[in-house]
Each structure stands twice: as structure tokens, then as C-alpha cells.
Amino acid sequence: MRANRWIGFYINSLLILVVLLSACTSSAVAPVPAGNTEKQAVIKFVAAEYSSSTKPLLERLVRNFMREHPSITVELQVVNWDLIDGVYTSMISEGQPPDLLNMNMYARFGHDQLLNNMDELISDDLKNKLSPHLLKLDRINGQQYAIPYVATVRKLYYEQNLFQQAGISSPPQTWSQLTKDATKLKAIGAYGFGVDLTDNEIPAYLSYFFFGAGGGWMKNGKWDINSPQNVAGLTYLKQLYIQGLTDPEPTVTIRDEKQRILGDGELGMMISGNYFAAVTEREFPNTAWGSGIIPVKDGQPEMNFGVQDVMLSFKTDHTNKAALSTFLDYLYNDENYENIIRQEGMIPVTTTVASKLSLENPQMETDINRLQTAHFYPLQQPEWGDIIALTRKMGNAILYNEITPQAALDQVQQYAERQQTLYQNPTHP
């Protein structure tokens, strides 16, 4: 990985600045107009890589921004989700955290007083067009530690041709139907149900089957991970694997690869986010696919599960709130933000872009409305990141009989309770 560095300084009224925008493997050059004698503001922006479109899209946005705002330097790193934890953790440990980080958690940084209050950074115009429902999830005790960046609502996606060959007329809505349909798909030589228990998606799949069984991560402000409902959900998921009704390597094959397997016509169904449509239509334009709700335990009501990724800002030795506000306004302006949403296939978190895209596509309006009633990760808990790290290590153990679902969830529950106590204790180191 090459670090970003600015080379050059203002000399009277002339300068040349070379910006290296790196994403571990490549860089881009952006000239900045000369003639401005203001003190240069620097914004280190670490962004997660959602697709092959992310890096060129953000590089272009940053170049255009710096041409229009020559007194602000944006040093961009676009980092794969598998690497991003290590990148920002290293920056924090070296005392040089990013000014902006696009991530899927924030509370532990807020607990340690590392974050700027976003209410002091974002303009009134930006705040007024951000989803109030999602903004609330990014606020703790009145402090706006983060703001929403993109969102998805999860669904069951299926390959229509395989469904027809297997004699399946509609996507399953219950676990018993899921088992029957996966069995029919297996009988025609296809993988039935794609399961992703790799590092980034295991919390999502646990959530699908926790909430689908009537359980969840928390209850009345306390962790409730080893509840009977959650144990039932994880047990059912394991049984699908044991019966050969899933893809063969749930702890190895990541979600993006499973989407490609489905696109190739070898996988019958899987749970994914709105980006499924963008990726599949781009990479497999001839694939016939459909979508339905996430199947739930028989007798349980329909369940929605949503995910939001956030933008947070660390306190740094060069924090410039005015520059950060200017850049965020630019990032979220309707034209730029709509382009991000279209390229990445996400749900917009601004009401202006949401309204426009909903008029074009009724399904977008439906998905936005579903976010209002969806279950989410417990983002407001500072120990959530620690719990994610622990669950990442448990996929193989659970599937390959090294530990029972009950014992696995007992361990996570005990760990979660200890971490919650530590974070609530004022003497927490």
C-alpha cells in the first residue's frame, strides 16, 4: 500500500500540487488551480470499496471538488471491506486518524471521545435532507456521532430459470418452504440456498435467522444473544448446511462470489442487499432473477432487515470544520450523491434523491418505506464492534460440529455482557 502524500507548497502566486489518491493498488493525479493564498486545509478521507465502481467514482468526485475548492486538499483512500479495519486502526494507533471514515459502526469511537459532533460539521441544508429515521440511529444521548451514508434493505434473491426447472412457482416465505425449495433445487443439481458466514457477512446471516425466529441481538437494553429464539434460528441454519441444502463453503465463499454463482445459474437463492440488482445486471445481464422477503420461522410475522453505513469524523490535529462541511455538502449534493447511489445500487439516505428515484422506480419507494420498520444492527452499542469480531471466528466451529449453536451463543452472550459492563464503567481504559 502506498500512503498518500502532497508534494509542493504555495510559492507566491504559483503552485503545482500532485495528489496521490490511493486504494492500496493504484493512484490518480489531480491538478489544483494556482493563485489562492489561503491556508491549505487537509481532509483525509478513508472510504469503503463497495464495488469496482467505487474507486473511480470517488476519485473523480474528489478531483472535481478540489478544482472548485483549491484551498482544500482531500487525500482519498478507497479500501476493500476486508482490509478497512486494519487501515483505520493503524491510522488511529499512529495518532493520525482519518478526518472522514465511511464505515459500518461508530459507537465505540464516540465512547472514547474520538469523534467530532456531526451537528457541528454538517450544514443545515444537509441535515434537513438526511433521513430522520437513520439519523436517529447515529445519535447517542443527544450527540450526533455519525450521519447515514448509504442504506440497503435485505431480500431473498432467486434465479428464475432454476426455479422453473425445479418446479418452484414462488419464492419461499417460511423456513419450511425454504427447506422444500432448497431440496428441489438440490435434486436438479443446483446449490439450494447461499449462506455467507465469512468475516463481513456473518453478523448479517445471524441477524436474518435471529429476527426470523422472533429473537434479536438485544432486549430492553441488554444483550439477548443466547435467547431460545436465536438458538432455534442458528440451529435451523446449521441443519440446512448439514442436509446439503446450502452452497458447499459458507465460511469461504463471500457474498459477491455467491452472487456470481447465482448469475452463472448454479445457485438457486440467497439473501443480499439492493446492490444485488446493480451487480447482477452489470456482470450477468442475461440472468433472469426475482426477489422476495426474507423467509422466517413458520408462524412468525414478515420481517424486514436493513443496514446503513455511516460517515464519521475523527478529531485530528488539523481538523478544519469549515472545510469538512464544504466537502460533505459537495459529496451529498443531489447530483453527486445520486450518481453514487445509481453506481453502487444502494438506497439513498437523502430525501431529495430518494424522492426522485422513487418516482422513477416504485420498488425503490417500497424499499425506502421498508427501512422505516426494519430491524438494524445495534449500532448505538460501543461493544458492537467487539461482538462482530468474536462472531467472525465462529462460523467454522458451528458448521463443523466443534461447538453447538447453544454453546456458541452462550459464549457470545457472556462476552457481550462483559464488554457492555466495561464500556458502562467510567474507569474503562
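User: Which residues of helix α15 are buried in this predicted model?
Analyst: In this predicted model, helix α15 covers residues 362–371. Seen down its axis, the buried residues fall within an arc of 160 degrees, so they line one face of the helix. The buried residues are Met364, Asp367, Ile368, Arg370 and Leu371.

User: What covers the buried residues of α15?
Analyst: Both helices and strands take part in the cover. Among the helices are α5 (132–137) and α14 (351–360). The strands include β6 (146–153), β7 (155–159) and β13 (306–312).

User: Which backbone nitrogen does a side-chain oxygen of Asn361 reach at the start of α15?
Analyst: Asn361 places a side-chain oxygen within 3.0 Å of a backbone nitrogen at the start of α15. That nitrogen belongs to Gln363.

User: Which strand pairs with β11 in the parallel sense?
Analyst: Strand β11 spans residues 267–272, and six of its six residues are buried. Its pairing with β7 is antiparallel, over four bridges, with Lys155 opposite Ser272. Three bridges make up the parallel pairing, where Leu267 of β11 is the bridge partner of Tyr191. The parallel partner is β8.

User: Is Thr287 buried or exposed?
Analyst: Thr287 sits in the loop between α11 (275–283) and β12 (289–292). Its relative accessible area is 14%, and the cut-off for burial is under 20%, so Thr287 counts as buried.

Notes
Residues numbered from 1 in each chain as written. Predicted model: local features only at pLDDT ≥ 70, side-chain atom pairs only at ≥ 80, totals over all residues. Heavy atoms only, no water. Buried < 20%, exposed > 50% of the residue type's maximum accessible area, 1.4 Å probe, protein only. Helix = DSSP H or I, 4+ residues; strand = E, 2+ residues; numbered from the N terminus. Arc of directions from axis to C-beta. Contact = heavy atoms within 4.5 Å. Polar contact = N/O pair within 3.5 Å; in protein donor to acceptor, adjacent residues only side chain to side chain. Pairing = 2+ DSSP bridges.
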